[in-house]
Amino acid sequence: MPDARLKTIEGGRTSPEAAQAPLLMQARKLSFCPNGKPLVDTVDLDIREGRRLVVMGANGAGKSLLLRLLHGLLPPSGGEVVWQGKPLDRAAMREQAMVFQRPVMLRRSVIANLQFALAVRGIGGTERRRRVEEALEQARLGDLARHPARVLSGGEQQRLALARALACTPRLLFLDEPTASLDPASTLAIENLIATAHARGITIVMITHDKGQARRLGDDIAFLHGGRLVETGPAARVLETPNSGAARAWLEGRLYLDDLSSTPSPTP
Amino acid sequence: MQDFGTTLAEAIGLILLADGDLIEIITLSLRVTLSAVIIACAIGLPFGALVGAFRFPGRAVVTVFLNALMGLPPVVVGLVVYLMLSAAGPLGPLRLLYTPTAMIIAQTILVTPIVAALTRQVIEDLQTEYSEQFASLGVGPLDRIAALLWDARYSLLTVALAGFGRAVAEVGAVIIVGGNINHVTRVMTTTIALETSKGNLELALALGVVLLAIAVIVNAAVMALRASAVRSAYA
């Protein structure tokens, strides 16, 4: 169990810029407890319009589960997700998009993957063609448009997945470790796409283990430990001077168990 | 009784000469089998896809039932269809007994559970892969079924082939409801059974060779198609 320090959370504290942005989504006492075990534990989190929130934490901290709960892919065991003051519903989900760590490619061509995503959202005709062309250009996949999506490289598939999500013009984009296992060039391409999305005003909630990426792409950081939100705040502050023991230990690269008060930090 | 070599030579002669009776029997066999497989696919593919793609109460029971029906005994199916179509049966007024239509009905009943059960498994596996992406995109039920069936099309070709294999080799049900009437309901398998019992081994063997050749050709075509799909990552 996390010690007392971990329970005195920094949740709720946000940067002045974030506090000024309108509230888009809220997690209220959000929990996910399959078989009674809390994997996400009473998380309170504000997601504000146009901001980039980076979710960090060790493996098994509940980051991916939290994103799935926020996006409505999993039903919460407790608490609720609120979208613009109302409970999350299908209409709200259609204003969001998600890119998974392992991109899911339909067994079709690159262009057919894009067309499908737009077709199921009721976008057809000239508008669909325009968005497909724009997505191919943004993802720099124009030359591969007629290729089967599943033969693309990992980086190309992730670019396609991101372009497919952006083609649906979401207000909120969830990214679950979008650059995990990608090389620096592919990572840069993905980061450029994320930056472009943010420049268009899309709110971003992204998981990463990469502190540099969190610094480059994050306005705010939410740090999870053992399913609990142990710290939130402006990215620069959390990365430089984390308040919680878990975030400090993780960011310093120390090995630790749940009980930080009794676990000595191995000296490198 | 002739030796095997002589019989085989005469059988091949019949095939090469395109014997009229032989062609008629092969044509009827293919018509009955293909009709049954097409109807079975029209029913079994969407039904299997529905069971594979959606969660509903009783789904496990339906799945067990479908899997069990894959092993339906053909003679039992033949008997039931016979009873339904006989003069005293509820469908007697349709006068379908001892017609190719009756044979198509019997084969459809045998093949549909095979197509549905295998489709359910194929679609369920694909659905597991796609489910989160579909949920994220907000894909509706109809779009989901259509997309799953389309993306699994190469695997489903193999399913249809399994149905074809069962239908084309079937003898028990079609002989009961078709009656093996010459020039009316005589198909390859029933002819082989009849001609063998009569000692007319050339025709029986010729039909056996054709049956094997059809199975090999269909399998080879589907394998080639599937290999091409795998190479281009569509399967």
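**Calls and cut-offs in a two-chain model**

Mentor: Start with B:R95, in the loop between α4 and α5 (100–137) of chain B. Keep in mind that the model is predicted.

Trainee: Why is B:R95 called exposed?

Mentor: Its relative accessibility is 73%. Exposed means over 50%. B:R95 is past that cut-off, so the word applies.

Trainee: Which residue of chain A has a positive phi although it is not a glycine?

Mentor: A:Q84, at about 50 degrees. A:Q84 sits in the loop between β4 (78–83) and β5 (86–87) of chain A.

Trainee: Why is A:Q84 called partly exposed?

Mentor: Its relative accessible area is 39%. Buried needs under 20%, exposed needs over 50%. The value for A:Q84 falls in between, so partly exposed is the label.

Trainee: How do you know that B:M84 can belong to a surface patch?

Mentor: First the place: B:M84 is in helix α4 (residues 74–85) of chain B. Then the value: B:M84 has 36% relative accessibility and counts as partly exposed. Patch members need over 30%, so B:M84 passes that test.

Trainee: What makes the patch nonpolar, and which residues form it?

Mentor: B:V75, B:V76, B:V80, B:M84, B:L91 and B:L94. Together the six have about 490 Å² of accessible area.

Trainee: What does B:G52 touch beyond its sequence neighbours?

Mentor: Leaving out residues up to four places away in sequence, B:G52 touches B:R59, B:R120, B:I123, B:E124 and B:Q127. B:Q121 is 69 residues away along the chain, yet its C-alpha atom is 6.4 Å from that of B:G52.

Trainee: What makes helix α3 (residues 63–71) of chain A "mostly covered"?

Mentor: The count. Seven of its nine residues are buried. Among them are A:L66, A:L67, A:L69 and A:L70. Just after this helix, A:G72 has a positive phi of about 85 degrees.

Trainee: How do you know that β1 (residues 23–32) and β4 of chain A pair?

Mentor: Five bridges join them. Pairing takes at least two, so these strands qualify. They run antiparallel, and A:S31 stands opposite A:G78 in β4.

Trainee: Why are β2 (40–48) and β5 of chain A called edge strands?

Mentor: The open sheet has the order β2-β1-β4-β5, with antiparallel pairing. β2 and β5 each pair on one side only.

Trainee: How do you know that A:R107 and B:E129 form a salt bridge?

Mentor: Their side chains come to 3.3 Å, N to O. The limit is 4 Å, so the pair counts. Four salt bridges are found across the interface of chain B and chain A.

Trainee: How much area do the two chains bury between them?

Mentor: About 2000 Å², with 53% of it on carbon and sulfur atoms. The contact takes 21 residues from chain B and 27 from chain A.

How values were computed:
Residues numbered from 1 in each chain as written. Chains lettered and ligands numbered in written order. Predicted model: local features only at pLDDT ≥ 70, side-chain atom pairs only at ≥ 80, totals over all residues. Heavy atoms only, no water. Patch = residues over 30% accessible without salt bridge, like charges linked within 9 Å, V, L, I, M, F, W, Y side chains within 5 Å. Areas by Shrake-Rupley, 256 points an atom, 1.4 Å probe, with all protein chains shown as cover. Helix = DSSP H or I, 4+ residues; strand = E, 2+ residues; numbered from the N terminus. Buried < 20%, exposed > 50% of the residue type's maximum accessible area, 1.4 Å probe, protein only. Contact = heavy atoms within 4.5 Å. Buried area = accessible area lost by both parts, 1.4 Å probe.
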